[in-house]
Amino acid sequence: MGTDAKSPLPRHVAIIMDGNGRWATRRHLPRVAGHSRGVDAVRSAIETCGRYGVRYLTLFAFSSENWRRPQEEVSTLMRLFMHALRNEVGKLRDNGVRLRVVGRIADFDPELQQLIRDAETVTAGNERLHLSVCASYGGRWDIVQAVRSLLATQPELAAAPDSIGEDDLARHLALAFAPEPDLLIRTGGEQRISNFLLWQLAYTELYFTDLLWPDFDEAALEAALAWYRSRERRFGRTSAQVAAG
Ligand code: IPE
Ligand code: IPE
Ligand code: MG
């Protein structure tokens with residue numbers, strides 16, 4: 001990859017990790033085998049982002065709508081999540097990764113909730129890479145909880161709605177600690193957002209690939225980063241304005 005200073009790497013990469021089930025089905029394996037291989041791809045994405053100096057990596061692991069899946073698949077996913085937390089947190093801690101799990105944590109069983117809290121505490125001092133795993137997360141849920149949180153902390157705003165600005169609400173979103181994503185990657189061939197970061201994706205560059213998530217390796221992520229660097233981000237301005245700085 002080139003090192004053109006004019007085209008920086010993304011500070012924040014968000015990924016919709018899709019295609020685990022199809023990866024397994026194509027191999028005549030149960031869907032869970034795909035989820036399990038998906039964990040390997042997560043490890044690789046974290047390592048590659050760390051190496052390239054990406055500061056924020058946000059992964060969509062389980063949506064608020066994924067609870068609709070067959071109960072057996074849901075419970076297997078929860079077991080995998082617990083297994084990954086138990087096995088990977090030490091490595092994250094040692095590699096400067098700060099882990100946050102973002103979403104409706106109260107939906108999970110108490111044992112998983114405790115593992116999440118422990119993992120967040122153990123890695124809380126790190127800042128090389130901010131890793132957010134979105135679980136029981138939905139973009140609409142996030143906006144509604146932000147409204148509730150804003151009004152709970154500043155109840156006087158209910159009587160003065162005209163005084164509420166975009167930044168006031170944004171401060172209460174679940175990912176308020178991070179800049180908005182520069183690059184969104186979705187694997188698995190679908191070209192949709194599936195209720196991921198609805199507010200924060202307003203000006204994000206969107207990258208869709210047919211690769212299934214377990215096949216999304218280091219080279220695939222590097223290709224996405226290179227594509228990102230070729231984009232001109234205008235944020236509503238003209239190309240000439242952007243060129244003039
Ligand atoms: C993404 O892979 C992982 C989760 C949503 C938990 P899928 O399980 O959606 O895989 P496909 O889309 O069915 O292939
Ligand atoms: C999106 O994938 C959610 C995650 C990757 C966690 P889905 O497989 O749930 O999305 P749809 O249902 O195809 O839109
Ligand atoms: Mg899917």
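## Sheet

In this predicted model, strand β4 (residues 129-137) runs parallel to β3 and is joined to β3 by 6 bridges. Within this pair, valine 101 stands opposite valine 133 of β4.

Both strands belong to an open sheet of 6 strands, in the order β3-β4-β2-β1-β5-β6 and with parallel pairing. The edges are formed by β3 (97-102) and β6 (205-208), each of which pairs on one side only. On average, and with direction ignored, neighbouring strands of the sheet are turned by 20° against each other.

In soluble globular proteins, nonpolar side chains tend to be buried together. The largest nonpolar core here has 43 residues, of which Leu57, Leu85, Leu131 and Ile185 touch the most other members. Helix α3 (residues 71-94) supplies the largest share of this core, 8 residues.

Leucine 85 is in contact with Leu99, Leu112, Leu115, Ile116 and Ala119, when residues up to four places away in sequence are not counted.

## Surroundings of ligand 1

The residues around ligand 1 are Met17, Asp18, Gly19, Asn20, Gly21, Arg22, Arg31, His35, Ala61, Asn66, Arg69 and Leu77.

Both backbone and side-chain atoms make polar contacts with ligand 1. From glycine 21, a backbone N or O atom lies 2.9 Å from an oxygen atom of the ligand. For arginine 22, a polar side-chain atom lies 2.7 Å from an oxygen atom of ligand 1. Arginine 69 likewise places a polar side-chain atom 2.7 Å from an oxygen atom of ligand 1.

Conventions
Residues numbered from 1 in each chain as written. Chains lettered and ligands numbered in written order. Predicted model: local features only at pLDDT ≥ 70, side-chain atom pairs only at ≥ 80, totals over all residues. Heavy atoms only, no water. Core = buried A, V, L, I, M, F, W, Y, C linked by side-chain atoms within 4.5 Å. Buried < 20%, exposed > 50% of the residue type's maximum accessible area, 1.4 Å probe, protein only. Helix = DSSP H or I, 4+ residues; strand = E, 2+ residues; numbered from the N terminus. Contact = heavy atoms within 4.5 Å. Pairing = 2+ DSSP bridges. Axes fitted to C-alpha atoms, helices over the stretch in contact; angles between N-to-C directions. Near = heavy atom within 4 Å. Polar contact = N/O pair within 3.5 Å; in protein donor to acceptor, adjacent residues only side chain to side chain.
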